[in-house]
Every structure is written in C-alpha cells, then in structure tokens.
Amino acid sequence: MAEAGRPQQARVTAALLEATLLELADNGFEKATIAAIAARARTSKQAVYRRFDTKEALVAAAIEAALAAANPGPPQRGSVAEDLRLCLGNTAAALQETPLGAALRALVPHRQKPDLADVLDAAEEGRRLILRQIFVATPFEADMETRIDLLLGLIYFRLLIRGLKVTEADIETAIYLVLGLVAPRDPERFAGLPGM
C-alpha cells in the first residue's frame, strides 16, 4: 500500500520545487513564503514541512534540481569547441528560458545564507567539473580555471548582473577567444577541423 503513494509524493515534491522557482522569480527571496509556494503547488504548508524544514532548504532543493536538469551530459570528446558550445548553450538556455535565471538573480543578495551557499557552491562546482572534463588532456588544459572563469563569467555577468540575453554568437565569440583561435567568418566550413 505504501508503494502506491510514492508516485503522488514525487509529484507533490516536483510541484513544490517548480512552484518555488516561480515564486522566487516573481517575488524574490524575502517575499516568497511557504504559504505562497504551497498555494502555487496546489498543496498545503504541512506538505511542504513534511519534506523541508525551512524555506532555505526548500529554495536550495529547487535550485539544485533545476541546475541538475540543466547540466549536459559528459563531454563527447570529439571537439573542444563543440563540447563548450553544448555546455554553455545549455547553461544560457536554462538561465534565460526557465524561471531559474530570475530565481538565481533573486538569491544573489542572500548568497551567504548557509543552506543557500552550500547548494549554490555545489551546483557551481558541478558546472565547473563538466568544463574541466572538456579541457583536460587537450592543448587548452593550461590555465583551465581562468578559461572556465572567462566562459562562465560571460554568461553570469550578462544574464544575472546586466540582465542581457546571451546569444549563440556571444558564446561562439567567447569560445574562440578563450581557445586562442580566430573565429572563422563561416563556422560551418571549419566544423570538421581538428580541435574544433
């Protein structure tokens, strides 16, 4: 009998995580309440507290789940530039096309709250690990951490600080600059070259 309830429990948890992102995106961290999140998820405050001890824990879980969903798979190792396009494109899309970007912007002033800091640090480390896997054992391994800072910095600064859209052309230019390459006028012509 307990087995039958698990899919419903999973649906409620998923609804709460989604509602939390939407509430953060719409109202910010301070104004997002457990009651408002529960109402958005069409459940009760008790259902929230059965799963999460605090609002910070709920917010951390929502951010963690959204960032995990945005993480691409491991690099394909066919092309450093193509792996970077995939990783950075997925990151930009998650931050631009889902409530995740607005939710993260709402959390920036609250970055030092222990529950939030831990999950944001872990999520960032996960993103950086994917980029390290792309760079390791390639000619671009030198100064890898700085290359990663430059690539992620483009996305984070433009989206989260300046509120500007990151385009495919922005990502393409950043990749060529970080890899020390000259961007071709017609990227399609050069797609099959080694290291590209």
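**Pockets, salt bridges and a bend**

Trainee: Where does the largest share of the lining of the largest pocket come from?

Mentor: On a 1 Å grid over the protein atoms alone, a pocket is an open set of points where a 1.4 Å probe fits, with protein on both sides within 12 Å along at least five of seven lines, and lining residues have an atom within 4 Å of a point. Helices (H or I, at least four residues) and strands (E, at least two) are DSSP runs, numbered from the N terminus. With 4 residues, the largest share of this lining belongs to α7.

Trainee: Before we go on, what kind of model is this?

Mentor: Residues are numbered from 1 along each chain as its sequence is written, and side-chain values use heavy atoms, leaving out hydrogens and water. Local features need pLDDT of at least 70, side-chain atom pairs count only at pLDDT 80 or more, and totals for chains, interfaces and linings use all residues, the model being predicted.

Trainee: What volume does the largest pocket have?

Mentor: Rolling a probe the size of a water molecule over the atoms shows where empty space is left. Grid points are joined across faces, edges and corners, and a volume is the space filled by probe spheres set on the points. For the largest pocket that gives about 380 Å³.

Trainee: Which residues of its lining lie nearest the centre of the largest pocket?

Mentor: Helices α4 (55-70), α5 (80-97), α6 (100-107), α7 (114-135) and α8 (144-161) each bring at least two residues to the lining. Out of 17 lining residues, those nearest the centre are Leu-104, Leu-120, Glu-124, Tyr-156 and Leu-160.

Trainee: How many residues in that lining are nonpolar?

Mentor: Ala, Val, Leu, Ile, Met, Phe, Trp, Tyr, Cys and Pro count as nonpolar, Asp, Glu, Lys and Arg as charged, and the others, Gly among them, as polar. Sorted that way, the lining of the largest pocket has 3 charged residues, 2 polar ones, and a nonpolar count of 12.

Trainee: What about the second largest pocket: which residues are closest to its centre?

Mentor: Its volume is about 230 Å³. It has 14 lining residues, and closest to the centre are Arg-85, Gly-89, Thr-167, Glu-168 and Ile-171.

Trainee: Which element gives the most to the lining of the second largest pocket?

Mentor: By class, this lining divides into 6 charged, 5 nonpolar and 3 polar residues. Giving the most, with 8 residues, is α5.

Trainee: How far apart are N and O in the salt bridge of Glu-82 and Arg-85?

Mentor: A salt bridge is a side-chain nitrogen of Lys or Arg within 4 Å of a carboxyl oxygen of Asp or Glu. Both Glu-82 and Arg-85 sit in helix α5, 3 residues apart, about one turn of the helix. An α-helix has 3.6 residues a turn, so residues three or four places apart point the same way. In this pair the closest N and O atoms are separated by 2.9 Å.

Trainee: How many residues apart in sequence are the parts that Arg-40 and Glu-23 tie together?

Mentor: Their side chains meet in a salt bridge, N to O at 2.7 Å. Arg-40 belongs to helix α2 (residues 34-40) and Glu-23 to helix α1 (residues 2-31), so the bridge ties together parts whose separation in residues is 17.

Trainee: Is Glu-23 buried or exposed?

Mentor: Buried means under 20% relative accessible area, exposed over 50%, and partly exposed in between (1.4 Å probe, protein chains only). Glu-23 has a relative accessible area of 5%, so it counts as buried.

Trainee: Which residues are linked with Glu-124 in a network of salt bridges?

Mentor: Glu-124 bridges to Arg-128, with the closest N and O atoms 4.0 Å apart. At 23% relative accessibility Glu-124 is partly exposed, whereas Arg-128, at 11%, is buried. Linked with Glu-124 in the network are Glu-125, Arg-128, Arg-132, Glu-145 and Asp-149.

Trainee: At which residue does α8 bend?

Mentor: α8 has 18 residues and reaches 24 Å from first to last C-alpha, close to the 26 Å expected at 1.5 Å a residue; the expected span is 1.5 Å times one less than the number of residues. A bend at a residue is the angle between axes fitted to the seven residues ending there and the seven starting there. In α8 there is a bend of about 30°, and the place is Gly-153.

Trainee: Stepping back, what percentage of the chain's residues count as buried?

Mentor: The chain has 9 helices and 0 strands. Among the buried residues of α8 are Met-144, Ile-148 and Leu-160. Of the 196 residues of the chain, the buried share is 40%.
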